[in-house]
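Hi everyone, thanks for making time for this.

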Amino acid sequence: RDAGKEVLIDCEHFFDGYKANPAYALACAETAWTAGARWTVLCDTNGGMLPDELSQVVHDVLQASSARLGIHCHNDTGCAIANSMAAIEAGVTHVQGTLNGYGERTGNADLVSIIANLELKKNKQVLPVNALQEAFRISHAVAEVTNVSPSARQPYVGVSAFAHKAGLHASAIKVDPNLYQHEDPASVG
């Protein structure tokens, strides 16, 4: 920091550490802030947290510390996106993740879904105006470059995200698309 660099600290295993010893985990977060870290990033390194408990821990940290908080979630319980959204709702202002949720084991929080949720569901401007409409193209381009087949069922940008099978769903979509889809597919390209 004295060299003019912006510092953040990733508190690996923070949530597991908090469960084992809250006072020590809080002291670590506060020490990082006091020492000059601009952001103290709380990491769900094992990916085992659920949104309600993660939100409570974030709330506790914000009550006990002056740190500016970030979140870094792994997806081992299938909750990385939900945990990131819960952390944002609880007060974090820095979010880490990966495009398409890539990462070790079951992956990380998917920034495509988090950004779409923030912009479309929470009305928070994250990207420049109309940039979210590039989400499908960018997500699939990254999948091509990384040689990882895109998930057809990926929220917002999977090829099945707004697909409807024949029958009642398909018939209803013709009458009113809002009956069976939560957003206009054009919003994410």
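I'll start with the overall layout, then go to the core, the strands, and a few single residues.

First, some housekeeping. This is a predicted model, so to speak of local features we need pLDDT of at least 70, side-chain atom pairs count only at pLDDT 80 or more, and totals for chains, interfaces and linings use all residues. Residues are numbered from 1 along each chain as its sequence is written, and side-chain values use heavy atoms, with hydrogens and water left out.

Now the layout. The protein has seven helices and four strands; helices here are DSSP runs of H or I with at least four residues, strands are runs of E with at least two, and both are numbered from the N terminus. Reading from the N terminus, the order is β-α-α-β-α-β-α-β-α-α-α. The C-alpha trace spans about 60 × 35 × 30 Å along its principal axes.

How much of the protein is buried? Of the 189 residues, 38% are, where buried means under 20% relative accessible area, exposed means over 50%, and partly exposed is in between, with a 1.4 Å probe and protein chains only. The accessible surface comes to about 10300 Å², and carbon and sulfur atoms account for 55% of that; these areas come from the Shrake-Rupley method with a 1.4 Å probe, and for residues only the protein chains shown count as cover.

What about contacts along the chain? Contact means heavy atoms within 4.5 Å. Among contacts between residues at least 6 apart in sequence, 66% join residues at least 24 apart.

In soluble globular proteins, nonpolar side chains tend to be buried together. The largest one here has 25 residues, and Phe14, Phe15, Leu42, Leu54, Val58 and Ile71 have the most contacts inside it. Two or more residues of this core come from each of α1 (14-20), α2 (22-34), α3 (51-64), β3 (69-73), α4 (80-90) and α5 (111-121). Another core, of eight residues, lies apart from it, and includes Leu132, Tyr156, Phe162 and Val188.

Setting aside residues up to four places away in sequence, Leu54 touches Phe15, Met49, Ile71, Cys73, Asn83 and Ala87.

Next, the strands. Why is β2 described as largely enclosed by the rest of the structure? Six of the six residues in β2, residues 39-44, are buried, so the strand is largely enclosed. In a regular strand the side chains alternate between the two faces of the sheet. Both faces of β2 are covered, with Trp39, Val41 and Cys43 buried on one side and Thr40, Leu42 and Asp44 buried on the other.

And its partners? Strands pair if DSSP finds at least two bridges between them. β1, residues 8-11, pairs with β2 in the parallel sense over four bridges, and Asp10 has Val41 as its bridge partner in β2. β2 and β3 also run parallel, joined by five bridges, and there the partner of Cys43 is His72 in β3.

Let's move to α4. Its buried residues include Ala80, Asn83, Met85 and Ile88, and their cover includes β2, α3, β3, β4 (94-96) and α5. Just after α4, Gly91 takes a positive phi of about 130 degrees.

In strand β4 we find His94, which counts as buried at 19% relative accessibility. Beyond its neighbours within four places in sequence, His94 is in contact with Leu8, Trp39, Val41, Leu69, Gly70 and Ile71.

Over in helix α5 sits Leu118, buried at 9% relative accessibility. Leaving aside neighbours within four places in sequence, Leu118 contacts Met85, Ile88, Asn123, Lys124 and Val126.

Last, two asparagines. Most residues other than glycine have a negative phi, and most peptide bonds are trans. Asn130, in the loop between α5 and α6 (135-146), has a positive phi near 70 degrees and is exposed at 53% relative accessibility. Asn147, in the loop between α6 and α7 (168-175), has a positive phi near 60 degrees and is exposed, with a relative accessible area of 71%.

That's my tour, and I'm happy to take questions.

How values were computed
A nonpolar core is a set of buried Ala, Val, Leu, Ile, Met, Phe, Trp, Tyr and Cys residues joined through side-chain atoms within 4.5 Å.
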